[in-house]
Amino acid sequence: SGMILRLAEGLIDWPVISVALATRLYSVTQPAAQSAIDHLVEIEVLRELTGRNYGRVYGARKVMEIVNRL
């Protein structure tokens, strides 16, 4: 969907996202943001970083790896 693409593109500038941040940045509902994030987790673009059930933060692994090399 368009939301998934916008979210993926945004991860290049800022490789860390939460559902709450995605709802604000992309003016979407919480379920739409969660669905987009879940899809990106499923295809291994994002991974959950906090290990929590609430207030999860997700990171774009490949983008963070590239930044760490700089």
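The radius of gyration is taken here over C-alpha atoms, and the rule for a globule is 2.2 Å times the number of residues to the power 0.38. In this predicted model, the protein has 70 residues, for which a compact globule would have a radius of gyration near 11 Å, and the value found for the protein, 11 Å, agrees with that expectation. Taken along the principal axes, the C-alpha atoms fill a box of roughly 35 × 25 × 20 Å. Buried residues account for 29% of the 70 residues, and among contacts between residues at least 6 apart in sequence, 42% join residues at least 24 apart.

The secondary structure comprises four helices and three strands, which follow the pattern α-β-α-α-β-β-α when read along the sequence. Strands of a sheet pair through backbone hydrogen bonds, either parallel or antiparallel. In this protein, the three strands form an open sheet in the order E1-E3-E2, and their pairing is antiparallel. Strand E1 (16-17) and strand E2 (46-48) stand at the edges with a single partner strand each, and therefore one side of each is left without a neighbour in the sheet. Two bridges join E1 to the antiparallel strand E3, residues 58-60, and within E3 the bridge partner of Val16 is Gly59.

Helix H1, which covers residues 2-13, has 12 residues and reaches 18 Å from its first C-alpha to its last, close to the 16 Å expected at 1.5 Å a residue. Its buried residues are Met3, Ile4, Leu7, Gly10 and Leu11. Seen down the axis of H1, these buried residues fall within an arc of 130°, so they line one face of the helix. The exposed residues Leu5, Ile12 and Asp13, by contrast, are carried on the face of H1 turned away from its buried side. The cover over the buried residues of H1 includes strands E1, E2 and E3, together with helices H2 (19-26), H3 (30-42) and H4 (61-69).

In soluble globular proteins, nonpolar side chains tend to be buried together. The largest nonpolar core of this protein has 15 residues, and those with the most contacts inside it are Leu7, Ile17, Ala22, Ile37 and Leu46. At least two residues of this core are supplied by each of H1, H2, H3 and E3. When residues up to four places away in sequence are not counted, Leu46 touches Leu11, Ile17, Ile37, Leu40, Val41, Tyr58, Gly59 and Ala60.

How values were computed. Residues are numbered from 1 along each chain as its sequence is written. This is a predicted model: local features need pLDDT of at least 70, side-chain atom pairs count only at pLDDT 80 or more; totals for chains, interfaces and linings use all residues. Side-chain values use heavy atoms; hydrogens and water are left out. Two strands pair if DSSP finds at least two bridges between them. The expected span of a helix is 1.5 Å times one less than its number of residues. Buried means under 20% relative accessible area, exposed over 50%, partly exposed in between (1.4 Å probe, protein chains only). The arc is that of the directions from the helix axis to the C-beta atoms. Contact means heavy atoms within 4.5 Å. A nonpolar core is a set of buried Ala, Val, Leu, Ile, Met, Phe, Trp, Tyr and Cys residues joined through side-chain atoms within 4.5 Å.
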